[in-house]
Amino acid sequence: MPEEIISLAIETIKMGKQAIVFAPTRSSAEKTAEEISKLTALMEIELENGVLKAASSPTRQCRRLSHCVRKGIAFHHAGLLAKQRDLIEDNFKSGKIKIICCTPTLSAGLSMPAYRVLISSLKRFSGSWGMDWIPVLEYLQMAGRAGRPEYEKEGQSIVIAKSEKEKGEIYERYVCGEPEEIYSKLAAEPILRTHLLSLISSGIISDHKTMLDFFSETFWAKQFKDMDKLKEILERMLIFLEEVELINISGNRSNKSQQNSREKEKIKTNQKKISYTEFFKAATSWSSEENVLENVLDNVNKSKNKELVDEKKYENGDKKIDEDKSQATTLGKRVAELYLDPYTARHILDCLKTISESKNNDRNNDSDNDKNNDKNNENYRVEIKSNKSGEIKSNKFLEIKINPFSYLQMVSHTLELRPLLRVKARDGEKIQEEMLKRIDYLIEEEPSQFDSDEYGEFMNSIKTALFFEEWIDEKDEDFLLETFDITPGEIRVKLETADWLLYATEELAKLQGQRDVVSEVARLRFRLQEGVREELLALLKLRGIGRVRGRRLFKAGIKDLGDIKKIDLTSLSQILGKALAEDVKKQVGEEVVEVSAGKRTGQLSIDKF
């Protein structure tokens with residue numbers, strides 16, 4: 001971080017003002033906050049304690065933040081707990097915190113009493129292109145945090161340039177530059193198919209005409225100005241939703257070849273479960289922003305003097321609208337209610353089908369045990385087939401063993417849980433070893449290592465599932481931060497998302513009649529929420545008992561509610577404290593008799609003398 005930033009921050013404090021420092025990364029935000037805090041004479045002991053108490057078990061990051069906050073300086077990014085972010089924002093508004101060093105996530109949506117905004121760099125790493133200039137809109141958002149009308153009469157936005165040449169470029173690009181155009185993201189297929197299903201499920205869209213009428217009025221359609229292309233994209237989404245049985249389409253189709261294509265695709269879908277390669281590529285596909293931009297600009301030039309959408313073109317005159325009726329199935333309605341991406345729903349349903357088939361095979365194997373012992377003792381069988389080109393393919397039918405890791409890896413391999421924990425070069429071998437230890441518990445097969453994108457995403461899902469597994473094995477946040485490089489704030493976000501996906505799995509399993517899966521997933525959800533091993537579930541039914549107190553009781557030999565009733569109040573008070581011990585006793589139906597001072601039985605109190 002440039003020394004100028006630190007000097008300007010200290011100068012702002014001496015002026016009796018406050019400032020927000022924008023850093024490009026979380027680590028640089030934390031480092032800058034530490035450097036500034038070393039130069040201030042402020043002392044906020046109460047804030048320091050508040051930061052530490054926000055976490056159930058303070059991590060290295062929490063301690064680092066507490067040291068900064070004690071000196072009236074804070075760092076702020078998505079890796080912090082929600083309570084810690086709220087504490088920082090509230091105390092910045094009250095004036096106790098003078099400087100916040102943050103990532104650009106704080107650049108929008110908040111009105112803060114900052115006189116100055118200090119920006120260390122307007123370049124950011126952009127993948128294969130290296131460092132690149134950020135958009136003008138993003139700069140304006142950051143600069144707009146300074147001098148908010150309700151707090152200041154004026155504000156200053158200061159950017160640090162490395163040279164005179166860069167100073168001139170920053171001035172031309174950002175001070176004199178125009179903000180970029182805003183483009184609709186509805187063209188992203190993950191977004192489009194989710195909205196399309198919800199609109200059909202709610203009855204807003206019932207056929208092709210109502211579908212086109214609705215989407216022709218969207219911002220997306222106004223930019224595209226090409227309803228033929230939009231219709232093609234929407235039709236493809238309809239075909240997919242029908243294939244996975246989330247909607248039913250009925251009526252006379254004007255395009256017979258389209259109908260035949262649908263039937264062929266549907267047969268193919270029923271015969272073969274979708275591979276993750278298809279899932280990954282299709283689920284993440286969308287029209288790139290460059291393509292959208294080119295399409296928009298081309299059409300703007302072509303139709304400056306025309307109406308944006310000629311709706312009459314799609315009435316029964318110039319172009320006949322298909323009369324097919326679209327209606328959501330029971331499954332489709334539930335998926336829409338759960339706000340699931342249809343591809344994620346497809347992924348979960350495929351996994352549930354695999355689990356069901358595996359359990360049915362287990363039952364059949366048990367009944368045929370006397371007939372064919374040799375075959376039943378095999379873990380899997382491989383069928384070798386060759387296609388027309390002579391390529392040999394193998395279909396592996398594993399006798400899958402289901403445990404919590406099976407479900408955790410399943411939900412980790414979804415779009416909703418991204419970004420996943422990335423497998424880095426230094427831990428690649430370890431993650432591979434851990435995956436091989438659990439290979440029998442994977443619902444989906446390990447993809448080919450020669451497909452780098454697919455295999456990399458698969459291994460990321462394994463690492464993410466291993467993180468969840470350690471959490472329900474009662475590892476604390478500090479261990480998870482050191483082992484998986486995941487901050488407390490990220491932990492909470494991942495846990496909440498995984499809980500939602502497991503709830504969706506539970507609901508879909510109910511529709512499929514898989515009661516055993518419903519029970520297993522419900523139990524796993526409770527463990528994920530509390531971060532405990534299964535042996536503590538009985539104790540966690542008690543109000544006021546969490547993972548720490550539950551483990552303390554278990555180590556003392558108290559393993560269920562029956563043991564709670566057996567232990568005397570004095571012994572329980574030594575473990576939990578008097579107030580909580582009395583409350584726990586009342587929860588299990590025992591009456592706690594309070595003995596007033598000087599009225600106890602047995603040895604006389606000193607008040608009697």
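Start with two helices: the axes of helix H9 (residues 208–215) and helix H11 (residues 227–243) come within 11 Å and cross at roughly 125°. Axes here are lines fitted to C-alpha atoms, for helices over the stretch in contact, and angles run from 0 to 180 degrees between N-to-C directions. H9 and H11 are therefore oblique to each other; angles under 35 degrees count as roughly parallel, over 145 as roughly antiparallel, 65 to 115 as roughly perpendicular, and the rest as oblique. On the H9 side the contact is made by His208, Met211, Leu212 and Phe215, and on the H11 side by Met227, Lys231, Leu234, Glu235 and Leu238. Contact means heavy atoms within 4.5 Å. Sorted by class, the contact of H9 with H11 has six nonpolar, one polar and two charged residues. For the classes, Ala, Val, Leu, Ile, Met, Phe, Trp, Tyr, Cys and Pro count as nonpolar, Asp, Glu, Lys and Arg as charged, and the others, Gly among them, as polar. H9 passes H11 in a right-handed crossing. A crossing is left-handed if the near helix is turned anticlockwise from the far one by less than a right angle, and right-handed if clockwise.

Before going on, the ground rules. This is a predicted model, in which local features need pLDDT of at least 70, side-chain atom pairs count only at pLDDT 80 or more, and totals for chains, interfaces and linings use all residues. Residues are numbered from 1 along each chain as its sequence is written, and side-chain values use heavy atoms, with hydrogens and water left out.

Now the overall picture. The chain has 27 helices and eleven strands. Helices (H or I, at least four residues) and strands (E, at least two) are DSSP runs, numbered from the N terminus. Of the 609 residues in the chain, 45% are buried. Buried means under 20% relative accessible area, exposed over 50%, and partly exposed in between, with a 1.4 Å probe and protein chains only. Among contacts with a separation of 6 or more, 68% are between residues 24 or more positions apart.

Next, the sheet. Five strands form an open sheet in the order E2-E3-E1-E4-E7, with parallel pairing. Strand E2 (73–76) and strand E7 (156–159) stand at the edges with a single partner strand each, so one side of each has no neighbour in the sheet. From one strand to the next, the twist averages 20°. Two strands pair if DSSP finds at least two bridges between them. E2 and strand E3 (residues 99–102) have four bridges, in the parallel sense. Within that pair, phenylalanine 75 has cysteine 101 in E3 as its bridge partner, and alanine 74 stands opposite isoleucine 100.

Which residues of E2 are buried on each side? Ile73 and Phe75 are buried on one side, and Ala74 and His76 on the other.

Helix H2 (residues 26–37) lies across strand E1 (19–22), E2 and E3, at about 180° to E2. Helix H6 (residues 136–143) lies across E1, strand E4 (116–119) and E7, at about 140° to E4.

Glutamate 30 counts as buried because its relative accessibility is 8%. Leaving out residues up to four places away in sequence, glutamate 30 touches Gln61, Arg64, Phe75 and His77.

Outside that sheet, strand E8 (residues 247–250) has a covered face, Ile247 and Ile249, and an uncovered one, Asn248 and Ser250. E8 runs antiparallel to strand E9 (residues 325–328), with four bridges joining them.

Further along is another helix pair. Helix H20 (residues 452–472) and helix H21 (residues 477–484) pack at an angle of about 160°, with their axes 10 Å apart. H20 and H21 are therefore roughly antiparallel to each other. Lys463, Leu466, Phe467, Glu470 and Trp471 of H20 meet Glu477, Phe479, Leu480 and Phe484 of H21.

Last, helix H27 (residues 578–587), whose buried residues are Leu580, Ala581, Glu582, Val584 and Lys585. These buried residues pack against helix H24 (547–555), helix H25 (561–566) and helix H26 (569–576). Just after H27, glycine 589 takes a positive phi of about 90°.
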